[in-house]
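Morning, everyone. I have one structure to show, and a few minutes to walk through it.

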Amino acid sequence: MSAQAPAAPLARVRGLVKAHGEPPGRTEVLRGIDLELAAGSFVCVMGPSGSGKSTLLHLISGLDEPSAGTIELDGQDLAELSLGARTLLRRRAVGYVFQFFNLLPNLTVRENVELPLAIAGARAPETDAAVPRLLERFGIAARAHAFPHQLSGGEMQRTSIARALAGAQPLLLCDEPTGNLAQQAGLEVMRALREVCDNDGRTVLLVTHNPRDATFADEVRFLVDGRIADTVLQKPLKIEHLHEALARLAI
Ligand SMILES: Nc1ncnc2c1ncn2[C@@H]1O[C@H](COP(=O)(O)OP(=O)(O)OP(=O)(O)O)[C@@H](O)[C@H]1O
Ligand SMILES: [Mg+2]
């Protein structure tokens, strides 16, 4: 019998509520979310458009503040941190693939991808071989010196993924990371996410509408009516089981 205690979760969300507006126009997007991300796990959350998936990722990263509930990231309660301390924790702990990319407009593709390295200061971007490898892998090496406004949606998305993978943050929050990509490019992205989880022990929280992408996860949860549904699918994940669950939950 193993006496080893399970590893502390990298992120833990308890009773998370997020509302917008004031009564009587107050609407609750998230109505009591409990979620734990074990270190090194790959969790996928699926839910209808507008169900609060991006909101949840924003909250976990500390970019937005909850109306109620707690979020612990790497053992720290975000509510107990100053804005500055939260920003530092996010930079250190979170790689983020935003749904709408959030590339810095005045930096080139290469500079955007190098940004996490430049900020961390631990590795010199100009000599780090990881960046050219990522640009190559995601088919944007030829666009390395282009600026975001010169890119297609798919190129922006691939740049955003390369940037999230370039750093060494233990948690990757991925919001529809293949939404703008053709089939094959999307598969390459999902393989890369699975690899960094398996090989580097990074923790992935993926939000997607795409059942194929969800099959790469260890576990799939569903966000419905502001709550995480009781249905949990675990690997080995079969695409037909995902379709069944999505139909049952009317997603
Ligand atoms: N600042 C805001 N003020 C009011 N409502 C907001 C605000 N931000 C988000 N919402 C609402 O919160 C709900 C959840 O938005 P969110 O972007 O998290 O959904 P989502 O699940 O990511 O959707 P999608 O799949 O379309 O990306 C939506 O109904 C949205 O209109
Ligand atoms: Mg969204």
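Start at Leu173. Setting aside neighbours within four places in sequence, Leu173 contacts Leu57, Ile60, Ser61, Val94, Tyr96 and Leu205. Contact here means C-beta atoms, placed from the backbone, within 7 Å.

A word on the source. This is a predicted model: local features need pLDDT of at least 70, side-chain atom pairs count only at pLDDT 80 or more, and totals for chains, interfaces and linings use all residues. Residues are numbered from 1 along each chain as its sequence is written, while chains are lettered from A and ligands numbered from 1 in the order in which they are written.

Now, the core. Which residues touch the most other members of the largest nonpolar core? Ile60, Ala162, Leu173 and Cys174, out of 61 residues. A nonpolar core is a set of buried Ala, Val, Leu, Ile, Met, Phe, Trp, Tyr and Cys residues joined through C-beta atoms within 7 Å. Buried means 20 or more other C-beta atoms within 10 Å of the residue's own, again placed from the backbone. Helix H5, residues 153-166, gives the most to this core: 6 residues. Helices are DSSP runs (H or I, at least four residues), numbered from the N terminus.

Next, the partner of H5. Helix H4, residues 130-137, packs on H5 at about 150°, axes 10 Å apart. Axes are lines fitted to C-alpha atoms over the stretch in contact, and angles run from 0 to 180 degrees between N-to-C directions. Who meets whom? Ala130, Val131, Leu134 and Leu135 in H4 meet Ala162, Leu165 and Ala166 in H5.

How values were computed: A residue is buried if 20 or more other C-beta atoms lie within 10 Å of its own, exposed if 12 or fewer, and partly exposed in between; C-beta atoms are placed from the backbone. Helices (H or I, at least four residues) and strands (E, at least two) are DSSP runs, numbered from the N terminus. Two residues are in contact if their C-beta atoms, placed from the backbone, lie within 7 Å.
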